[in-house]
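Please work through each task before reading its solution.

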Amino acid sequence: MLDWTDQHCRYFLRLISSHALLYTEMVTTGALIYGKGDYLAFNEEEHPVALQLGGSTADDMARCAEMAQARGYDEVNINVGCPSDRVKNGRFGACLMAEPELVAASVKAMQAVVDIPVTVKCRIGIDDMDEYADFARFIDIVADAGCDTFIVHARKAWLQGLSPKENREIPPLNYPRVHQLKASHPELSISINGGIKTLDEAASQLAHVDGVMMGREAYANPYLLADVDNTLFGANTQAPSREQIVYAMQAYIERQTDQWFKPWHAARHMLGLFQGQAGGRIWRRYLSQNGTGKNPDPNLLINGLDAVLTAQANVKTFNESKVG
């Protein structure tokens, strides 16, 4: 989720769930090796956290895996699923499903220099390579190189003619193909991704696979993660309230020392916190109107919360008056 799951987003999501594995946005080997920014920055509170890496040159992938391990990441994940043009032109992402040997070489080189897991996120196919046999061949070659964990987006990608957004919606989901892969390879850890919107759906998938990745639904409606620890991980903990999360994120914003940081950099990831709740639209509007511009509200989240609580109190009063 390029430009979405940055370190501020991941810190926010970790407040909601202690156990879910968080993934970075995809970072390219070129950015890590030659870029001037700190593309590996993360908060210690984010653990467990995986670096998602884009690239196809085994030596560069190994070098970046070493960098990730040195910084403390818990996993390095190779992106073989992103269908965007800039990814395709850089010879990484979903186009690599047509070159499993390249992916296998990266896996082998990376595992030779790090102890943390090296995993692969892929599609079920690309373009006309859309038979189970094509998908199984890719998995077999990469697994033979030493990868035992795959996260599979249960749609194929059309690299010609569809935009990245269309590639998330138009190719039909094919969950049975991922289930078949797990049934054929019980020794591998297989997680499924794509179109899963509720924890009930996630739980039903876990009857067939080992894990579930939720991306855009978790971003749009992040508080659904509040039940993940108890429902899917068997924890017996009390999830923080939305209000507690707001106060924690306000404190997070206030302790940032980067001169370029603005409250909106964190707040933009929180627009869906009150999704489905009274005052949800007011929350989104307040953050959007007061978090951007030259003079953003320094107490953005607290004042936004006050607006939400006022709206909720008004709704409660109205409902009580109707009952009376």
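This is a predicted model: local features need pLDDT of at least 70, side-chain atom pairs count only at pLDDT 80 or more; totals for chains, interfaces and linings use all residues.

**Exercise 1. Packing of α5 and α6**

Task: Determine how the axes of helix α5 (residues 100-111) and helix α6 (residues 132-144) are arranged, and which residues meet.

Solution: 
- Step 1. Two packed helices are described by the angle and the distance between their axes.
- Step 2. Here the axes come within 8 Å, and they cross at roughly 25°.
- Step 3. Angles under 35 degrees count as roughly parallel, so α5 is roughly parallel to α6.
- Step 4. The crossing in which α5 passes α6 is right-handed.
- Step 5. From α5, the residues Pro100, Glu101, Val103, Ala104 and Val107 take part, and they meet Arg137, Phe138, Ile141 and Val142 of α6.
- Step 6. Sorted by class, this contact has seven nonpolar residues, two charged residues and no polar ones.

**Exercise 2. Salt bridges between separate parts of the chain**

Task: State how many salt bridges the whole structure holds, then locate the partners of aspartate 6 and arginine 71.

Solution: 
- Step 1. Side chains of opposite charge can pair when their charged atoms come close.
- Step 2. A search of the whole structure finds eight salt bridges.
- Step 3. Aspartate 6 pairs with arginine 268, at 3.3 Å from N to O.
- Step 4. Aspartate 6 lies in the segment before α1 (7-16), and arginine 268 in the loop between α13 (263-267) and α14 (280-290), so the bridge ties together parts 262 residues apart in sequence.
- Step 5. Buried means under 20% relative accessible area; aspartate 6, at 15%, is therefore buried, whereas arginine 268, at 26%, is partly exposed.
- Step 6. Arginine 71 pairs with aspartate 38, with the closest N and O atoms 3.0 Å apart.
- Step 7. This pair links helix α3 (residues 58-71), which holds arginine 71, to the loop between α2 (29-34) and β3 (49-54), which holds aspartate 38; the two residues are 33 residues apart.
- Step 8. Arginine 71 is partly exposed at 36% relative accessibility, and aspartate 38 is partly exposed at 49%.

**Exercise 3. A salt-bridge network**

Task: Which residues are linked with Asp130 in a network of salt bridges?

Solution: 
- Step 1. Arginine 177 and aspartate 130 form a salt bridge of 3.4 Å, N to O.
- Step 2. Arginine 177 is in helix α8 (residues 175-184) and aspartate 130 in the loop between β5 (118-123) and α6, so the pair ties together parts 47 residues apart in sequence.
- Step 3. Arginine 177 is buried at 12% relative accessibility, while aspartate 130 is partly exposed at 28%.
- Step 4. The network links Asp130, Lys156 and Arg177.

Note on methods. Residues are numbered from 1 along each chain as its sequence is written. Side-chain values use heavy atoms; hydrogens and water are left out. Axes are lines fitted to C-alpha atoms, for helices over the stretch in contact, and angles run from 0 to 180 degrees between N-to-C directions. Helices (H or I, at least four residues) and strands (E, at least two) are DSSP runs, numbered from the N terminus. Angles under 35 degrees count as roughly parallel, over 145 as roughly antiparallel, 65 to 115 as roughly perpendicular and the rest as oblique. A crossing is left-handed if the near helix is turned anticlockwise from the far one by less than a right angle, and right-handed if clockwise. Contact means heavy atoms within 4.5 Å. Ala, Val, Leu, Ile, Met, Phe, Trp, Tyr, Cys and Pro count as nonpolar, Asp, Glu, Lys and Arg as charged, and the others, Gly among them, as polar. A salt bridge is a side-chain nitrogen of Lys or Arg within 4 Å of a carboxyl oxygen of Asp or Glu. Buried means under 20% relative accessible area, exposed over 50%, partly exposed in between (1.4 Å probe, protein chains only).
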